[in-house]
Amino acid sequence: MSESIKGFCLHGREKIYPSSDVPVTKNTAVIEMEIPALKKGEILAKTLYTGICGSDNSASLGKANFDWVERPRVIGHEFSAEILELGPGKHGDLKVGDKFTPLAMLGCQDEECPACSVAKWNLCPSKQIIGFHRNGGFGQRVVLETDRVVHLMQGLTPEQGALVEPLSVVVNALHNKCNIKPGQDVVVTGCGIIGLMSAELAKAAGARVLVTGLAHDRDIRLKRAAERGFITLEVSPDNTLKNQLDAGIIDANGIPFGTNGQVDLLIECSGVPQVLTEAISVVRPEGDICVIATYGKEVEINATHLTRTSLNMRGSMGSCREDYMVAQKLMVTGVFPSEHYTDMYDFQNITQAFEDSIKANNMKAVVKMN
Ligand SMILES: [Zn+2]
Ligand SMILES: [Zn+2]
């Protein structure tokens, strides 16, 4: 291949604090890529659009929970792509030119594996995440396993294809882990894309939704959330969600939100330990807490309170093929308005896209790869 193929590569593991003077993209670089020969069951694809995930940001900042990622690594697990070449072996109904989005998580597919035997690759102990265990969607070309391919549904744009994976994670959480019912009051903590997607799906399920963020989120993420009709709330260590619920929150129609400072369901998408600690005090007895975030350190939980209020607290990890299909349908039918939450960048500006994302100065950054 004579043309120059580039990729956005994670190479360093220095711990970077976004508020320091160190550039937040110091651990990364745009590189020239070599395309490896295709092994059995692999395909070569041209990436179309790739989204930046919070986990890509965390890895770029050298956070401890991504220490395990080998460097150098071309990251990216949220993307759409077009098949250029089929390698040796069987590829089912796949053909050159097909547009798809990959399953981020590939299970071991061993019959004896409790997760893989029920098609839950997201729970396989030896799952392989594209963009972390092998090079991913921030390369202008990507080599991947046929088994990951999910064809783009009719009517779904390649731009939307980059949002299927994050939306599928939220579908898994909302469908399987949240006991959500119409008329309920739901708090989503955190206004990154996972939080905003959760808010949209909770609203679509008939709930009234409040989204929290920091002062920094006021002009971008919370503003965009408010435009969609969500109640938005700025929180800080001195002015917590609990304080504000206790003081009383009303919606745009003047109707009180929550009952006696408590809500039916809280969906934790912030990854801030104190927020999860506080969560169990703002959910009503027998209410639900769904945790989609991960945490850089241990989280303190008042377990006695959890028992005495009979709360349901459930975690939700990743997604599987079924969730990808639902996520696509939610975009094709307009239930999830993807354009409202997407900021597009050209590949030349990929470093800027990462900088903006790490500093929370945009919505979901999606990069046009070629
Ligand atoms: Zn992700
Ligand atoms: Zn497995």
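Q: What radius of gyration would a compact globule of 370 residues have, and what does this protein have?
A: This is a predicted model. A compact globule with 370 residues would come out near 21 Å, and the protein has 21 Å, which agrees.

Q: And what does the C-alpha trace span along its principal axes?
A: About 65 × 50 × 35 Å.

Q: How much of the protein counts as buried?
A: 45% of the 370 residues.

Q: How many helices and strands are there?
A: Ten helices and 20 strands.

Q: What domains is the protein divided into?
A: Domain 1 covers 6-168 + 319-368, and domain 2 covers 178-315. Their centres are 28 Å apart, taken over C-alpha atoms.

Q: How many residues of each are in contact?
A: 15 residues of domain 1 are in contact with 15 of domain 2. On the domain 1 side, eight are nonpolar, five polar and two charged.

Q: New topic: helix H10. Which residues are buried there?
A: H10 runs over residues 350-358, and its buried residues are Ile 350, Ala 353, Phe 354, Ser 357 and Ile 358.

Q: Why do the buried residues line one face of the helix?
A: Looking down the axis of H10, they fall within an arc of 125°, so they share one face. In an α-helix there are 3.6 residues a turn, so residues three or four places apart point the same way.

Q: What covers the buried residues of H10?
A: The cover includes strands S1 (6-10), S2 (28-32), S19 (342-346) and S20 (364-368), along with helix H1 (54-60).

Q: What follows H10?
A: Ala 360 follows H10, with a positive phi near 55°.

Notes
Residues numbered from 1 in each chain as written. Chains lettered and ligands numbered in written order. Predicted model: local features only at pLDDT ≥ 70, side-chain atom pairs only at ≥ 80, totals over all residues. Domains from an automatic or database assignment. Contact = placed C-beta atoms within 7 Å. Nonpolar A, V, L, I, M, F, W, Y, C, P; charged D, E, K, R; others polar. Buried ≥ 20, exposed ≤ 12 C-beta atoms within 10 Å, placed from the backbone. Helix = DSSP H or I, 4+ residues; strand = E, 2+ residues; numbered from the N terminus. Arc of directions from axis to C-beta. Rg over C-alpha atoms; globule rule 2.2 N^0.38 Å.
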